[in-house]
Amino acid sequence: MPEESRTDDGKQSLQAAGRATDNCILGRGCGTGREKKMDEIHIKNLEIYAGHGVYEEENRNGQLFVVDMILYTELRKAGMADEMALSTSYGEVSRFANRYLREHTFRLIEAAAEHLARELLLAFPKVERLVLELKKPEAPIGLPFSYVSVKIERGWKTAYLGIGSNMGNKREFLDFGLQEIKNHPEIKDVRCSDIITTAPYGGVEQDDFLNGAVELKTLLPPYELLAFLQETEKKAGRERKVHWGPRTLDLDILFYQDFVSDDARLTVPHPDMANRRFVLEPLMELCPGYRNPVSGKSVREMLGELAGDSDKK
């Protein structure tokens, strides 16, 4: 993590560059949470001879598979400049898929499709998401049929996290948590807000917190992201003994694209964020225009309402 710096108002910065205004101009971190309309590259009926199946002879002898793909990406710059480097090569994608399915063996076409989609998204960074259909026209069914297939859609999702600590060397715990996030192979484009010092929330007597927010893109679905964050907290020595009590490292999912959940394991968007200045102020730096998919209010609006309520007291 970059060397710590301090602004005039006492906020501690985890990174020297990347202010919110610049990123709004670039279109980062200021959306509604919904996936925007993107351009498409279509690859249809790509024939690949490979060995995948439940039966041993399928893996040993191989058979024909047919792949259809839709790659969602931005093509405007490539179209205007007529430069291949600004696009994603459908030839390279096709050869990658052929090589991957020939070099790996899976019992289920569900698994073959899942792993291929992941590897494509990791290998071709301009592709934001894809739809992949894997067809098996020679499946051992024993009845007349055209083909069997599985069809999946996978892609990078934008998530916002709260990060905090109020035990031990707080800065080191925050550094550790952020580095673990950056090191995950299915997470990219990680940005962290300035870190602020805040009083404890919830009425439990304890030390002050260091709090911030993190923006990232991930291939992990919400519950897999939650499991990873909880494992990271555990590595940092987090013990869940007292509700709203002290913790070495606290990692909360605040937003996950436009995903909404309200169950015992995961509540997203974070249900109490509108009442927490230590959540909204860091988010304001990263995504002031981001709208809560439940309330419809932006981060800027929620912080403004919270400040207005405080002025009335």
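Predicted model: local features only at pLDDT ≥ 70, side-chain atom pairs only at ≥ 80, totals over all residues.
Me: In what order do the four strands of the open sheet lie?
Reply: The pairing of the strands is antiparallel. Strand S3 (39-50) and strand S6 (148-155) are the edge strands, as each pairs on one side only. From one strand to the next the twist averages 15°. The order is S3-S4-S5-S6.

Me: Which residue of S4 is the bridge partner of Ala50?
Reply: S3 and strand S4 (residues 63-73) pair in the antiparallel sense, over 10 bridges. The bridge partner of Ala50 in S4 is Gln63.

Me: What angle does the direction of helix H5 make with that of S5?
Reply: Helix H4 (residues 90-103) lies across S3, S4 and strand S5 (129-136) and runs at about 35° to S3. Helix H5 (residues 109-123) also packs on the sheet, where it touches S4, S5 and S6. The angle between the direction of H5 and that of S5 is about 145°.

Me: How is the aromatic pair of Tyr256 and Phe259 classed?
Reply: A pair of aromatic rings is described by the distance of the centres and the angle of the planes. For Tyr256 and Phe259 the centres are 6.0 Å apart and the planes make 80°. Planes over 60 degrees apart fall in one class, so the pair is edge-to-face.

Me: Which residue has its ring under the charged end of Arg129?
Reply: Two cases of a charge over a ring may be set side by side. Lys188 lies over the face of Trp156, at 4.3 Å from the ring centre. The charged end of Arg129 sits 4.3 Å from the centre of the ring of Tyr72.

Me: With which residue does the side chain of Lys297 form a polar contact of 2.9 Å?
Reply: Lys297 lies in the loop between helix H8 (277-286) and helix H9 (299-312), and at 33% relative accessibility Lys297 counts as partly exposed. Beyond four places in sequence, Lys297 touches Tyr290, Arg291, Asn292, Met302 and Glu305. The polar contact of 2.9 Å joins the side chain of Lys297 to that of Glu305.

How values were computed:
Residues numbered from 1 in each chain as written. Heavy atoms only, no water. Pairing = 2+ DSSP bridges. Helix = DSSP H or I, 4+ residues; strand = E, 2+ residues; numbered from the N terminus. Axes fitted to C-alpha atoms, helices over the stretch in contact; angles between N-to-C directions. Contact = heavy atoms within 4.5 Å. Phe/Tyr/Trp six-rings, centres within 6.5 Å; stacked < 30°, edge-to-face > 60°. Lys NZ or Arg CZ within 6 Å of the ring centre and 35° of its normal. Buried < 20%, exposed > 50% of the residue type's maximum accessible area, 1.4 Å probe, protein only. Polar contact = N/O pair within 3.5 Å; in protein donor to acceptor, adjacent residues only side chain to side chain.
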